Amino acid sequence: MPRMSSPHRFAAFLIALVALPAAAAAQAEAPPPEPPPPPKKLSVGTEGLFNPSLLLQGWFTYDHADDTTTSFRVRRAEIHVRGEILPKQVAYEIFIDPARAVEVSNQTLTDSGGDTVTVRQTTGNLTILQDFYVTYLTDYADVSIGQFKIPVSLEGTTSAAKLYFPERALVAGTFGDKRDIGLRLTKKFDKLMYMAELVNGAGQNLRDNTNEKDASLRLEIYPIEGLTIAGATYDTVGDRDKAGTKDRWEGDLRYEKGPILLQGEFIRARDVAADGADAALGQGFYGMAGFKLATIAGQEVEPLVRVGQLDPNTDSDSDNDETWVYEGCLDYYIRGHEAKVQLSFSRFDYKDDRTDNNELIFASQVWF
């Protein structure tokens with residue numbers, strides 16, 4: 001390689017000297033690298049993972065039937081803790097909802113002498129414990145023992161954080177959205193999900209005092225992107241003439257792709273109310289549609305409509321026990337389901353002597 005002459009070396013030195021401040025300035029103006037996102041799971045034990053989750057929902061409700069009532073309400077304060085003690089081998093979950101402990105109302109009780117007294121009592125379950133189970137993970141089946149939801153109803157098995165209306169459809173809340181204690185096998189693949197359970201049949205947080213158990217199976221298929229087709233069966237196994245015997249048969253469909261949402265369910269039920277009594281047959285359905293509009297102030301807005309019906313006794317000679325529900329909702333997603341507000345209106349059209357009820361709900365939610 002030929003040596004550079006002195007004039008050439010001096011020119012190269014001057015060029016480097018002029019370029020040095022510009023390079024330094026460019027380096028100083030470069031933005032610092034973004035920090036890595038915070039971990040979604042924390043270490044626990046020797047090898048385990050700890051993943052907390054929180055769902056908070058505050059409501060304002062307006063009800064108009066015989067009288068008009070308004071109320072602020074703590075609807076949900078769900079605390080989930082899930083994770084794995086041995087990665088890909090042993091998992092766990094516990095879920096409590098302290099909001100259930102603050103739901104109280106005036107209730108009239110009658111003592112053995114026939115006297116009545118009005119007292120303040122909690123409504124629904126007297127415990128905040130919702131889910132608790134330990135799961136053994138395998139390639140083809142995740143085996144859990146504990147308390148969990150029964151696999152009836154698409155909305156019933158969907159997390160409350162991901163509902164499109166503030167509350168589940170009437171038929172979904174009546175026959176689904178229930179918990180029991182037992183054994184569960186489930187696994188989700190690319191095109192298929194199955195869930196099989198054997199539970200006490202006594203209900204949430206209750207031990208069984210009979211040999212009868214409830215068995216269920218739910219299958220979901222995903223033939224194309226965005227489409228879910230599913231069916232479930234839930235039946236009492238053992239003496240089927242005893243009080244508490246119940247059967248559920250359910251089919252559902254959801255299509256969600258781009259701005260379009262279509263969803264519907266049909267559930268048929270059979271229940272024995274007393275030992276040796278004839279079973280009562282009930283059924284119900286709903287259909288829902290939504291469409292995400294262009295963003296407003298940088299956020300997505302989704303109007304939805306839902307129409308449903310519940311007939312708790314199809315053997316009745318009249319339709320006086322039927323209820324039709326007509327609903328509309330507007331969802332404003334601040335950040336998807338993690339932060340959203342919802343405004344819904346529901347009209348309950350009762351076919352019996354009850355006065356039709358109009359309900360307005362404004363709901364605010366944060367979830368992670």
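**Close-up views of the predicted model**

**View 1. R218 and E220 are both buried.** Buried means under 20% relative accessible area, exposed means over 50%, and partly exposed lies in between (1.4 Å probe, protein chains only). R218 and E220 form a salt bridge, their closest N and O atoms being 3.1 Å apart. A salt bridge here is a side-chain nitrogen of Lys or Arg within 4 Å of a carboxyl oxygen of Asp or Glu. The model is predicted: local features need pLDDT of at least 70, side-chain atom pairs count only at pLDDT 80 or more, and totals for chains, interfaces and linings use all residues. Residues are numbered from 1 along each chain as its sequence is written, and side-chain values use heavy atoms, without hydrogens or water.

**View 2. D131 and R179 form a salt bridge.** Their closest N and O atoms are 2.6 Å apart. The pair links distant parts of the chain, 48 residues apart: D131 sits in strand β7 (residues 129-136), R179 in strand β9 (residues 179-188). Strands are DSSP runs of E with at least two residues, helices are runs of H or I with at least four, and both are numbered from the N terminus. Both D131 and R179 are buried.

**View 3. K351 and D349 form a salt bridge.** The closest N and O atoms are 3.3 Å apart. K351 has a relative accessible area of 35%, so it is partly exposed. D349 is at 16%, so it counts as buried. Elsewhere, R75, R76, E78 and E167 are linked in a network of salt bridges. The total count is 26 salt bridges.

**View 4. D214 lies in strand β11 (residues 213-221).** D214 is buried because its relative accessibility is 2%. The D214 side chain makes a polar contact with the side chain of T236, at 2.8 Å. A polar contact is a pair of N or O atoms within 3.5 Å; within protein, one must be able to donate a hydrogen and the other to accept it, and residues adjacent in sequence count only if both atoms are side-chain atoms. Beyond its neighbours within four places in sequence, D214 has contacts (heavy atoms within 4.5 Å) that include V199, N200, Y234, D235 and K246.

**View 5. Y140, F189, L192, L217, L219, I221, I229 and L253 make a nonpolar surface patch.** Its area is about 690 Å². Such patches join nonpolar side chains (Val, Leu, Ile, Met, Phe, Trp, Tyr) within 5 Å, and like charges within 9 Å, using residues with over 30% relative accessible area and no salt bridge. Strand β11 gives the most, three residues. Y140 is in the loop between β7 and β8 (142-149). With a relative accessible area of 64%, Y140 is exposed.

**View 6. Strands β12 (residues 227-237) and β13 (residues 246-257) pair in the antiparallel sense.** Nine bridges join them; pairing requires at least two DSSP bridges. I229 has L253 of β13 as its bridge partner. β13 also pairs with strand β14 (residues 260-271), antiparallel, over twelve bridges. There D252 has E265 of β14 as bridge partner. Two residues lie between the strands of the β13 and β14 hairpin, where G258 takes a positive phi near 60°.

**View 7. The whole protein has three helices and 20 strands.** Of its 368 residues, 36% are buried. Among contacts between residues at least 6 apart in sequence, 50% join residues at least 24 apart. The accessible surface (Shrake-Rupley method, 1.4 Å probe) is about 21300 Å². Carbon and sulfur atoms hold 61% of that surface.
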